[in-house]
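Dear colleague,

I am handing over the structure below, and I would be grateful if you looked through it alongside the notes that follow.

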Amino acid sequence: MSSLVKSVGTIGGLTLLSRIFGFARDMLLARVLGAGLAADAFQLAFTLPNTFRRLFAEGAFSVAFVPMYSRALHGSEGDGEAAAARFADDVLSVFLWTLLVFSGVMMAVMPGIVWILARDFASVPGKFELAVFLSRVTFPYLALISLVAMLSGLLNARSRFAPGAFAPVLLNIVLIGGIITGWWLRGDSHDDRIVAIALAVAVSLAGIAQLAYLWWAVRRAGLRLHLRLPQLTPEVRRLGMLILPATFGAGIYQISQFVDTFFATSLPQGSLTLLKLADRLNQLPLGIVGIALGTAILPMLSRHIHSGDAAEAQRLQSNAFEMATLLTLPAAAALAICAPAFVTAFFVGGKFTAADGAIMAHIVVALVAGLPAYVIVKILNPGFFAREDTRTPVWTALAALTLNVAINLYVVERYGIVGLAGATAASASFNCLLLYAVLHRRGWFHFTARLASRIARQIVAVAAMSALLVWLMPVVAPYYGGNVAERVGALSALVLAGGTTFFAVAFLVGALDKDLVAMLTRRRGKPAPTQE
């Protein structure tokens, strides 16, 4: 538990920093662009490389590369460092050219890609053309961030999680600079396209900044990479065979983003922007908890499985599951209850109207209904990937995606963008259930009485917190739409009251693991427990 908490704390803390800058970015974006033509076009242009990043670079590639690199590094032949270095060089030499060719082809056929995802943009003069142009400007970010993912994988396999977790901070800082630059260049012209173009350029510049930082971090760790003539060695071919199914299996949430984009662009103008901004609130706990846990347990789980220690593998996943529910259950409940307060306080202002905020609050409620499932999937998938089984998650993801499309066909016409968000949550929950069922059937992971008892006690604490927030929301309602001080005060009251109530009740009913409490409350300088 101590190793897991330390790793998750490192990744989660830096991810929180990134999410804070991401909030600042989206708050500025909402006020400067609102939810109109240019905002929708940029959101689509950013969705393409960003979704491919989550799906492929941080999803399929990482879950396939890290276990193989870790196995080479910790091999029993005695030359682990040399074998790992050869494997990394071979992968880089093939990976780089693959990325360049893929990016070039995608940029060449970008009008067709945009038409598939957002054909209704063509009905608004200039919107389709702007979306194509912006997408071509942003797409090089995919190649850059994919190389960043590989460098992060090298460090993650050595339990050096900080550089990879810090890289997204650079993205948000550069994008904030892009918004400010675009706002300054726009001046009094009221031409939002100028801001959108400045933002698109900033996306690719951010990729360069992230790659430079990770390259420096890898060299600082004493690792050296060499470009060679690309060769499809047996290990590289095996990596490719693992990546192909993992591209689908690791990314149901990301693939759903493309499905959601397709449906959202058929709805009234601004719907896509409102969905993406609402997802920012959903991504805060998902990124801090889900990505941190998934990233931390994959190399640990791989080591336990390769050493044949099934008991430690089971305990590691149980600890991760408990930590996930401990943090996501209250987060989901709080976001659902306080959505109007968070949306109004963070986003309403400038070109972003109160009417936009009201719709966005409903979208947030629908999205966070699936928040626990989004996070738990990040924990269950490594149970397959650590065993180099990337095929099974393909079938569960395919079933979930099929359900998502079927639900969308029914609800989008009737409930609009809110129904679309609800369909995403339902499909993610279905995927979560399928993954657990397979793991349980194969004897790779199972619910224990201790874990079930702990989650039941967490639910008691969530209920107490929810009751308080339902009572407190009308009390602070006059303030979360006021001036800056009033907004900060209202949100602080909600967060402090909700968080204090949850953890106090959780402690009283025994929902907190005693080892976790000891680690979080130990005096400075006192050594942490040594058990994992």
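Phe46 counts as buried because its relative accessibility is 7%, where buried means under 20% relative accessible area, exposed over 50% and partly exposed in between, with a 1.4 Å probe and protein chains only. Phe42 is likewise buried, with a relative accessible area of 3%, and both residues lie in helix α2 (residues 37-73), four residues apart, about one turn of the helix; helices here are DSSP runs of H or I with at least four residues, strands are runs of E with at least two, and both are numbered from the N terminus.

Please keep in mind that this is a predicted model, in which local features need pLDDT of at least 70 and side-chain atom pairs count only at pLDDT 80 or more, while totals for chains, interfaces and linings use all residues. Residues are numbered from 1 along each chain as its sequence is written, and side-chain values use heavy atoms, with hydrogens and water left out.

The structure holds 14 aromatic pairs, meaning rings of Phe, Tyr and Trp (its six-membered ring) with centres within 6.5 Å, called stacked if the planes are under 30 degrees apart, edge-to-face if over 60 and tilted for the rest. The rings of Phe42 and Phe46 are stacked, because their centres are 5.7 Å apart and their planes at 10 degrees. Ring pairs also link Phe321, Tyr436, Phe445 and Phe447 into a cluster.

As for the whole protein chain, its secondary structure comes to 18 helices and zero strands, and buried residues make up 56% of its 532 residues.
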